[in-house]
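Here is a short report on aromatic rings and helix packing. Please look over the model first.

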Amino acid sequence: MNSRNGTEQKQRLSLTLLLAAVYLILYSTLLSRTTAERSAAVLRPFALLVSAIWEKREIFRSLLLNILLFEPFGAALACSLSHEISIGKRVFIAATVGLAFSLMVEYGQYRFSLGNAETDDVICNTLGAGIGALALCVNHIWQASNIRKVNRAPNREHDKGEYDVGKTV
């Protein structure tokens, strides 16, 4: 398998995982909910976090779940983008698209009375998408360092301890 075909397969898999993440997010935030008697918009940033610190520890679980919900989305989106785009730009794009998608979800919850639309959810969801994309960045750095180690292995032909940069063992 050549590297271009392998890259295309990885991007297709990433797109499939991205669609699965989108469905999971939509299902858990909009599609599985019934209409509430009352919905609200909490537009004060970090209101839940302040409440969690001073009042209820259970809110931390909710914030953490919002972060975890968007991590696969961010990782799959960053991985599905062209590899010609730098990793930093892919992380930025994933976080920005995560922000936009989260805003759409929160608007849907408010508009159709499916729950409270909260800025903290948007912040945590965006953070989750960014963390998921950053995980991709760490993975690329780790893989690149392993490739350099393999390429710098001692030359066994001469056994002099010299390194051949272009050869693999």
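## Buried rings

Phe-70 and Phe-101 are both buried (under 20% relative accessible area, 1.4 Å probe, protein chains only; exposed is over 50%, partly exposed in between). The rings of Phe-73 and Phe-101 are stacked, because their centres lie 5.3 Å apart with the planes at 15°. Rings of Phe, Tyr and Trp (its six-membered ring) pair if their centres lie within 6.5 Å; planes under 30 degrees apart are stacked, over 60 edge-to-face, the rest tilted. This pair links distant parts of the chain: Phe-73 sits in helix H3 and Phe-101 in helix H4, 28 residues apart. Helices are DSSP runs (H or I, at least four residues), numbered from the N terminus.

Phe-73 has 3% relative accessibility and so counts as buried. For Phe-101 the relative accessible area is 10%. Phe-70, Phe-73 and Phe-101 make up one aromatic cluster.

## Basis

The model is predicted: local features need pLDDT of at least 70, side-chain atom pairs count only at pLDDT 80 or more, and totals for chains, interfaces and linings use all residues. Residues are numbered from 1 along each chain as its sequence is written, and side-chain values use heavy atoms, leaving out hydrogens and water.

## Helix packing

H3 and H4 pack at about 135°, their axes 9 Å apart. Axes are lines fitted to C-alpha atoms, for helices over the stretch in contact; angles run from 0 to 180 degrees between N-to-C directions. H3 is therefore oblique to H4 (under 35 degrees is roughly parallel, over 145 roughly antiparallel, 65 to 115 roughly perpendicular, the rest oblique).

Note on methods
Helices (H or I, at least four residues) and strands (E, at least two) are DSSP runs, numbered from the N terminus.
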